[in-house]
Amino acid sequence: MSTKNETKRADFLKQGGILAMASLIVRFIGMIYRIPMNNILGAKGMGIYGIAFDIYDIVLIISSYSLPLALSKIVSGLQAKREFKNVGRAFRVALGFAIVSGGLFCLVLLFGAGLIEKHIYPEYVGIQIPLRVLAPTILIVALLGVFRGFFQGKRTMVPTAFSQVIEQIVNAIVSVLASYYFMKWNAESLHQAAWGAAGGTLGTCLGAASALLVVLFVYWIYRPVQSKLESRDLSNSVVSYSYLFRILLITILPVILSQTVYNITGLIDYKLFGSFSGQKGLDTNLISSLVGVYSGQYRLLCSVPIAISTAVASSMIPSAVGAYARSDVAQWKKNVASGIKFNMIVAIPCAAGFSLLGFSITRMLFKTTEYVQGVPSYIFGGRLLTVGSAAVIFYALSNVTSGALQSIDKMRIPVIHSVISLGIHILLVFLLLKYTNIGIYAIIAGNVTFPIVVSLLNFMAIKRYVPGYHQEWVKTFLVPLAASVWMGVSIVLVYWLVGCIVKISIIQTLFSLVVAVFVYFVTFLLFKGLTVQELYDFPMGRTLYTIAKKLHVME
């Protein structure tokens, strides 16, 4: 039994590693193409782009964003019971739901964009233009989510991972080119920045369409296998489409509420910031520019490690659901503990690196001649990153702990925790904006406190609903923290030493980052943060073990 459980755990980590690696590649591409986009659009254009994208995210979440997660959960449970006919029926129900819901909300965004700008976000002039370009993406992503959820439920992350990479490559190419030409073609327009932002959103639409073609092709190849499985299913437990539709809704709604609460915080922040800044005399161009630095630099960079945690949480759910369906509590505990540990190994050093190298990283990536509040925009972005880097750790924790609760059918619990945290967040940001002059830093403060509250409440709930669950703390939290301290020391020393020889910031930063990764890897293993078997389970684990052995940091 132990060997079987270890095999399942290894499979979970490998599938999670595939999705995490794809997410890392996707975020890396996303970060790379945002650099020229920042230079093309400027802070104002990036502000409009960021807010339009957040509105699109909310509409997408309400319409269909939760479909991959919900369908993977349903399919995984049915697969564990070998009810293959019901798997096919669940897929068809989800597909019908995606067509109706995605199509409806596509029309809502297309024809409601003007009302959104006029009545909700008048401080961000021209936002309706990129919103209308994004509208068709709602339907495309809804369909895409069904196929991704189907394959994830069958515990293969390859179609999702591959389609994500293709999607982002197309997105990157089209976004940069379209932003440039839309800005050029509308040079005399009062809404030039908004048209440039629309070019960026066009890349999102065409990227999603490319990914949909990929998963359609994969499904066309796999369809005979699914048909054969259904024909061999001799069980008498075939359920009605109406029942599966109800199950889908029951599964989707808590996820919708939870994700809506997570994502609506940004829109509430932008509204509060715009209103209070306007009252304090800031013009609309400066308001959009400040939001552009926040969304285009700070949030973009923080999203890279957070994307890994989201991928691990998503890949953890089917395996955890399967273990829960088999009443294999021990395996469930191992999946969750491994997911949390993997997240902390990545998130803690990333937060430390951002805190120490915030200015250097933004100067290296976003060096422009544009000024925001008297300083270059990249300097302002570096300040935000230095102050708010801790959010990376707690968003990683909140993601994976919410996934753990969803896997045991406690779907409402993360929603309740998010609502509680949202209330605290809104009150904090409101008070800071109204009674202080810290401006955009009020949003940074809220961005850090929100996931802290969710994480603490989620941990309490896990211990309450899964008796005997114990998260190992030393190797999960303290060892990554200790290794990050040594990593931080190396960053400071290397940056100073290289600066004594070469007075070029980009060289100092790159050298510091390379040494930081090496020092963290060595010290983490010297502190016995991972066993050999655990390292094997990680992406490229055997290669990492070979390196560790040659460095004499592992036996």
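Three helices, α2 (67–80), α7 (241–279) and α8 (284–325), each supply at least two lining residues to the second largest pocket of this predicted model. Helices here are DSSP runs of H or I with at least four residues, numbered from the N terminus. This pocket has a volume of about 510 Å³, and of its 21 lining residues K73, I74, K81, I247 and D409 are the closest to its centre. The largest share of the lining, six residues, comes from α7.

A pocket is an open set of points on a 1 Å grid over the protein atoms alone, with protein on both sides within 12 Å along at least five of seven lines; a cavity is a set where a 1.4 Å probe fits but cannot get out, and lining residues have an atom within 4 Å of a point. Volumes are the space filled by probe spheres set on the points, which are joined across faces, edges and corners.

The structure also holds five cavities of 30 Å³ or more.

| Space | Volume | Helix giving the most lining residues |
|---|---|---|
| Second largest pocket | about 510 Å³ | α7, six residues |
| Second largest cavity | about 70 Å³ | α1, four residues |

Eleven residues line that cavity, with N38, A43, Q297, E370 and S377 nearest its centre. Both α1 (2–65) and α8 give two or more residues to this lining.

As for numbering, residues count from 1 along each chain as its sequence is written. Because the model is predicted, local features need pLDDT of at least 70 and side-chain atom pairs count only at pLDDT 80 or more, while totals for chains, interfaces and linings use all residues, and side-chain values use heavy atoms, leaving out hydrogens and water.
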